Amino acid sequence: MKKNLLFLMILSLFLALAPSARGETPAPSPGGSTVEAPMKGVFLEENSFDILSSADLVLADTALARAEQYASRLQNIDGLQVEERFGVSRDSFDSHVERLELFKTILSSINVSFADRVRLEKEVAKLDQGLRGPSDFSKSLPAPPYTLSFADANKDRLEEMAKKKESWRTQIALGEQTLETLLDARRAAEKEVRLLRDKGTEGNLWLENDAVLKRDTLRALRVLERLRLENLKIEYRIFEDREKELAKVQQQIVRHLSFDEKDRDTQIGKYQALM
């Protein structure tokens, strides 16, 4: 579900690119007048915006502060005067505001994803250093001997974990594809900004502002997806470790099996019920 929502966000941003990104010429502003804009786009000053360490979070925080400032200016604009002041339709203006809210949400999510990264890396460090105590599986294991029913129940848990691993691998593969899709969309958005600036900003300030917001939203979205994907890979490694622990528990159970008559009858009854 989360993956589908992410693709929808990407698609909506990509399809919303201005005509200039498709090689078309934007319509002139009404009456040939210079179209004003409440703020020229300066959300992400770094062309190579990325979050690789906690020190980089200041980039996201600074961009969020700029976006908040920009949003407050937009809130003070009379919706009935949008076309007259900016030369754009009310629908285009509303879409711009919605995109700005999406941009702010992505920047906030980047901070959350990086906090998750720190937590996950600490857990992995414990694994690497052998500092983790007994697993939950080992701690909950009663004293031997063990029945066949108990062994089968644990075997079912292992099979369920194997299914989850397959689902996890699928999510990781989709995440890799999403990064490529986002890269294409980001490059198209960057092309749009370049085309507008090559033609000169006079009369197109609003178009440039909108294009910069789309570009920076895609830049931030790709950073967020990369962080999410890397976190997913770390979680997968932790999950694999839990699976190995459960497999060791299963080996211990098998070594201490007790074949009593009551358990045998229970097993036979279980299979008879399926006939």
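Which residues does R215 touch, not counting residues up to four places away in sequence? In this predicted model, R215 touches L44, A189, E190, V193 and R197. R215 itself lies in helix α7. With a relative accessibility of 8%, R215 counts as buried, because the cut-off for that class is under 20%.

**Overall make-up**

The protein has eight helices and zero strands. Read from the N terminus, the order of elements is α-α-α-α-α-α-α-α. The chain has 275 residues, and 39% of them count as buried. Among contacts with a separation of 6 or more, 86% are between residues 24 or more positions apart.

**Helix α6**

Helix α6 covers residues 148-198, a run of 51 residues. From its first C-alpha to its last, α6 reaches 75 Å. That is close to the expected value, also 75 Å, at 1.5 Å a residue. After α6 comes G200, which has a positive phi, near 90 degrees.

**Helix packing around α4**

Two packed helices are described by the angle between their axes and the distance between the axes. Helix α4 spans residues 90-129 and helix α7 spans residues 205-255; helix α2 spans residues 57-75. The table gives the values for α4 with each of these partners.

| Helix pair | Angle between axes | Distance between axes |
|---|---|---|
| α4 and α7 | about 25 degrees | 8 Å |
| α2 and α4 | about 155 degrees | 10 Å |

At about 25 degrees, α4 and α7 fall under the 35 degrees cut-off and are therefore roughly parallel to each other. The angle of about 155 degrees for α2 and α4 is over 145, so this pair is roughly antiparallel. α4 passes α7 in a left-handed crossing, and the crossing of α2 and α4 is left-handed as well.

Which residues in α2 meet residues in α4? On the α2 side they are L57, A60, D61, A63, L64, A67, E68, Y70, A71 and L74. Their counterparts in α4 are F93, H96, V97, L100, E101, F103, K104, L107, S108, I110, N111 and F114.

**Summary**

The model is made up of eight helices without strands. Helix α4 packs against α7 with axes 8 Å apart and against α2 with axes 10 Å apart. Within α7, R215 counts as buried and has contacts that include A189, E190 and V193.

Note on methods: Residues are numbered from 1 along each chain as its sequence is written. This is a predicted model: local features need pLDDT of at least 70, side-chain atom pairs count only at pLDDT 80 or more; totals for chains, interfaces and linings use all residues. Side-chain values use heavy atoms; hydrogens and water are left out. Helices (H or I, at least four residues) and strands (E, at least two) are DSSP runs, numbered from the N terminus. Buried means under 20% relative accessible area, exposed over 50%, partly exposed in between (1.4 Å probe, protein chains only). Contact means heavy atoms within 4.5 Å. The expected span of a helix is 1.5 Å times one less than its number of residues. Axes are lines fitted to C-alpha atoms, for helices over the stretch in contact, and angles run from 0 to 180 degrees between N-to-C directions. Angles under 35 degrees count as roughly parallel, over 145 as roughly antiparallel, 65 to 115 as roughly perpendicular and the rest as oblique. A crossing is left-handed if the near helix is turned anticlockwise from the far one by less than a right angle, and right-handed if clockwise.
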